[in-house]
Amino acid sequence: MADMEHTDTVCAADTWSLGGKEFTSRFILGSGKFRLDVVKAAVEDAGAQIVTLAVRRANTEQEGNILESIPAGVTLLPNTSGARTAEEAVRIARLARELGCGDFIKVEVIRDAKYLLPDNAETVRATEMLANEGFVVLPYMYPDLNVARDLVSAGAAAVMPLGAPIGSNRGLVTRDFIRILIEEIDLPVIVDAGIGRPSQACEAMEMGAAAVMANTAVATAGNIPLMAHAFGRAVEAGRAAYLAGPGRVLENAGEASSPLTGFLEEEAR
């Protein structure tokens, strides 16, 4: 019991911060594909403290305002979905601020209509412009070390490399490049896009990611609240494993798991 209480204390103290705000949850929930009537339950079951939203969903009355569906106290992370240039991203970010979404902004600049890959060059430009206007900028980017360094210089608060193309649920296709960013970039690395299973979110956290974001994987699940819960717990488990330090791997040999194994082998002779 004492060991369990010690573990709970260590995990509770493991906070992280963005834009001067401190968070205990490292799972960010994207809301772009959610029906409004399930957003609240998904947020609460996931234990999410940051929720992304497309600005156009907060600026329409056709399906209701998503801002009314997100629980109080949750930090809003509006995105610049639909922007094809840095200038368009800046306009959307300013609109989000005017709508009362705060200063956090996830920069998405995408010109590629087929694969929906981010335009890294325009993303760097948008990040610099928005950081100069006082925004807390979280740029969505293809995992490239040089681009990540440019984003740091541009004033990003974190970097959000894709695991796989948006909405694909293919998992950590870019894991080797994300690992490089985690090792080399002195900012939170938030794995975004393409995560399809809680186990993949757990793996990203075991690698040392600061947080994981998922949208499609939860929104398209058979039981949305239960999947949200599963993602939240998987992120916690991956983070705990990272903090614990995974055991060594033996590639070409085995090793007795206890002294008793060797003893029994000797007796058999």
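**Conventions.** I worked with a predicted model in which local features need pLDDT of at least 70 and side-chain atom pairs count only at pLDDT 80 or more, while totals for chains, interfaces and linings use all residues. Residues are numbered from 1 along each chain as its sequence is written, and side-chain values use heavy atoms, with hydrogens and water left out. I took helices (H or I, at least four residues) and strands (E, at least two) as DSSP runs, numbered from the N terminus.

**Entry 1: H5 against H6.** I looked up how helix H5 (residues 145-154) packs on helix H6 (residues 175-184), and found an angle of about 40 degrees with the axes 10 Å apart. That makes H5 oblique to H6; angles under 35 degrees count as roughly parallel, over 145 as roughly antiparallel, 65 to 115 as roughly perpendicular and the rest as oblique. The axes are lines fitted to C-alpha atoms, for helices over the stretch in contact, and angles run from 0 to 180 degrees between N-to-C directions. For the contact (heavy atoms within 4.5 Å), I noted Leu-145, Ala-148 and Arg-149 on H5, and Ile-180, Leu-181 and Glu-184 on H6. These residues divide into 4 nonpolar, no polar and 2 charged. Here Ala, Val, Leu, Ile, Met, Phe, Trp, Tyr, Cys and Pro count as nonpolar, Asp, Glu, Lys and Arg as charged, and the others, Gly among them, as polar.

**Entry 2: the two sides of H5.** I then checked burial (buried is under 20% relative accessible area, exposed over 50%, partly exposed in between; 1.4 Å probe, protein chains only). Val-147, Ala-148, Leu-151 and Ala-154 of H5 are buried. They cover an arc of only 115 degrees around the axis, which puts them on the same side of H5; the arc is that of the directions from the helix axis to the C-beta atoms. Asn-146 and Ser-153, on the other side of H5, are exposed. I recorded helix H4 (120-132), strand S7 (136-141) and H6 among the elements that cover the buried residues of H5.

**Entry 3: H7 against H9.** I found helix H7 (residues 198-207) packed on helix H9 (residues 224-244) at an angle of about 25 degrees, with axes 7 Å apart. That makes H7 roughly parallel to H9. The residues in contact include Cys-202 and Met-205 of H7, and Phe-231 and Tyr-242 of H9. By class, this contact has 13 nonpolar, 1 polar and 2 charged residues.

**Entry 4: Arg-91.** I located Arg-91 in helix H3 (residues 86-98). Arg-91 is exposed, with a relative accessible area of 51%.
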